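Please consider the aromatic rings of the structure shown below.

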Amino acid sequence: MSIFTEMSLIFKEAAVSTYVDVILPLALGKLYTYSVPEELENKVKPGVRVEVQFGKTRIYSALVRSVHQNKPDYQPKLVFSVLDNMPIVTEQQLSLWEWIASYYCCSTGEVMNAALPAGLKLASETRVLLSPVFDDNYEHLSDDEYLIAEALSIQEELSIEDVQKILNRKTVYPLINSLLYKRVILLKEELKPKFKPKEVKFVRLAEPYLSDPDTLKTAFEIVGKRAVKQQEALLGFIQLSREPRDSPDIKPDELVEYAGINKSQIKELEKKGIFEIYTKTVSRISLYEEDLQNNFELSAQQVKALLEIKACFEEKNTVLLHGVTGSGKTQVYIELIQEAIQEGKQVLYLLPEIALTTQIINRLQKIFGNDIAVYHSRLNNNERVEIWHEALVGKPIIVGARSSLFLPFRQLDLIIIDEEHDPSFKQQDPAPRYNARDTAIYLAHKFGAKVLLGTATPSLESYANTKAEKYGLVSMTGRHGGLQMPEIIIADAADETRKHKMQSHFTSVLLEEMKTAISNGEQIILFQNRRGYAPTLRCETCGWTAECIHCDISLTYHKYSNDLRCHLCGYHTKQPKICPACSGHIFSIQGFGTEKIEDELQIFLPDTRIARMDWDAVRKKNSHQRIISSFEDKQIDILVGTQMVTKGLDFDNVGLVGVMSADSLLYFPDFRATERAFQLMTQVSGRAGRRHKRGKVVIQAFNTSHPVLTEVTQNDYAGFFEREIRERRQFKYPPFYRLIAIRLRHKKKHVVDTAIDFFSKQLVKKLGSRLLGPSQPAISRIRNYYVMDIMIKLERKKDVIEKTKELIRETQVDLYGQKGLSSVRVSVDVDPY
């Protein structure tokens, strides 16, 4: 594409009567209208991407929302080109995006940014080229300027990255501005494609040998008797092509291995016109090649649950399947999936975390083979684009985390949301801050599909909806195969501390049970909801603690990397040798994380094989798979982990589960703390005693009289729900009231203080006592931004909620109009839980 000025001149003469409203992948408050040149009118349609200029120079791939003939009040810019032959986004998706933007108080562009894979979001790249008025006079140029001008005389164009490499420095814009001022260069913008199809080289017989096998004798004569290796290559190819194979295409490497030759023989045969090397576009998505299994017989409880779900679907669109851990919910899901895909429909299977997908995918692929595609954030950009296109053409089953909601389904019939209670379904930052469970229910509504929510520990909102008869309810109260629920023991850490029985952070009860389990050949899972070695490093002399330079939070000590890390912004530094406050040399660590547990277990149980599964241990692609596979294959005796080990994993040899600190879960400063604690402890307890025998769970706590501990030991969800729902009603929390959290951020404290004062005063005029705050959160500075919060509690009335959202939008606009406050960042979080 040529420079903007030239392009504008080309298109100015074109008669324009068609216009498009487009969504740009930016946080913009409205859609923008562009005019369509006559030659592109037949190509534009809702859901295709178009190349447009936004601002003075930048080019974006925008998404067409609508096509019309209504000229806007301003002079619209032109659409440069249409990037797609067919829509890549469906009408149902566009409708979903608009609902998310409206409900969660964000822009459609922000939803687009979250929804589309990076490979489909194109932004322009700045290119540098010589100015036509430059007269090759290099005398007035500096050394660096000369290098760039000389490079451009050899190479027509350079990217900014090329300039950085030539000069071996990152900051190059001042130099580029100087060259622009001296009229040595021009800049242009062009879209840079991010998605590249995977192309693989294959070898085949050239004509006439390919179409007429009788000519192969001539091929051998051309090769000649002396070229023994070339004859082996040709003979090997013929033999390999006749063997039963999944694909008729043969890679050069396959032929090399099969015939015992090297690639030089293949090249010689290509030169002689006997072989032909060709390129073919292939999928990056690996195929399942093992035999399929479908011989599972449902238990009486599973048959009953399946029939009840179908009956509920006759009357209601959403059903909650409340089944205890190990009850066999997954097989019920499989039966429903089979019925849907037999009718040619699509199924979306949502999981809260990537960690869960490993075992589930393996299980589903054994039944459904290549009818499944997996979609999550750990895939690379090209893989995500390929799965996007597979969904677009009707891939039967999509399994993935919350982002898979945005895929372009055609005939969606069923959405299964496994572990529906899990907080990972809620997107935190950046916008849109959507809840995948609630959004999935709206998506199903658009398709006329059904939703099945599955969990052993329902969220209070979902269970309350069954009580209000908005959702159907189906229960599975027994474990599959008649296995008993695990025996749960509460270990009194306070009593053992007084009696000096504690060994570091382990009660004698937990250590003894661990030794027994190991001696019985059983595996152990230990749960501690904090990663790192210790959350605080403290000077014993003056009490100084190591804190992040960007956030108001202590740095966590990581022993394996021997440094201090901030878990909010990623800042890290080496452990100090002397105290910066008093020059003391003695430091102590306070608290404990998964690293410390792993480290100390090697002291208490020296002959055991220990592994850790937390965010630090699973950063690399497929690292979840490796850890889980090793544990399944009994190569690991004790698995220490954070929440990852609590969610839906099924191991047949786990005899003991230990919860290291129930108190840290129960006393977290959040109105949902007890609900989260009940869910986490119940879920992790469910990992014990699967399949063969009853397991044991040891929960360590200082306050053993807390009611949640009693409810967990008795597996009493009904009792927990009744007690918790009374408190929610009394203190006006969900599900009886709706919450909207507003957070303001700025790098200068006095600016954010002024902004929050203005914002809260504008809101309180109409909201009154519904507004709580403003308040400073526990962590008042994050990534060098000072933070202030407002919380709004609203009655569950649609008109009240909608008017409040509109008031927030108006106040945000008013804030940005105030002098000195336009740079304040405002984030709105609807249903912040």
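In this predicted model, the charged end of Arg204 is placed over the ring of Tyr278, at 4.0 Å from the ring centre. A second contact of this kind involves Arg612, whose charged end sits over the ring of Tyr560, 5.3 Å from its centre.

Rings also pair with one another. Two rings count as a pair if their centres lie within 6.5 Å, and by this rule there are 20 aromatic pairs. One of them joins Tyr103 and Tyr104 in an edge-to-face arrangement, with 4.7 Å from centre to centre and 75° between the planes. Buried here means a relative accessible area under 20%. Tyr103 has a relative accessibility of 18% and therefore counts as buried. Tyr104 has a relative accessibility of 2%, so Tyr104 counts as buried as well.

Another edge-to-face pair is made by Tyr463 and Phe721, with centres 4.8 Å apart and planes at 65° to each other. Tyr463 belongs to helix α16, which covers residues 460–467, while Phe721 belongs to helix α24, which covers residues 717–730; the pair therefore ties together parts that lie 258 residues apart in sequence. Tyr463 and Phe721 are both buried.

Tyr463 and Phe721 belong to one aromatic cluster, together with Phe678, Tyr717 and Phe720.

Methods: Residues are numbered from 1 along each chain as its sequence is written. This is a predicted model: local features need pLDDT of at least 70, side-chain atom pairs count only at pLDDT 80 or more; totals for chains, interfaces and linings use all residues. Side-chain values use heavy atoms; hydrogens and water are left out. Rings of Phe, Tyr and Trp (its six-membered ring) pair if their centres lie within 6.5 Å; planes under 30 degrees apart count as stacked, over 60 as edge-to-face and the rest as tilted. Buried means under 20% relative accessible area, exposed over 50%, partly exposed in between (1.4 Å probe, protein chains only). Helices (H or I, at least four residues) and strands (E, at least two) are DSSP runs, numbered from the N terminus. A charge sits over a ring if NZ of Lys or CZ of Arg is within 6 Å of the ring centre and within 35 degrees of the ring normal.
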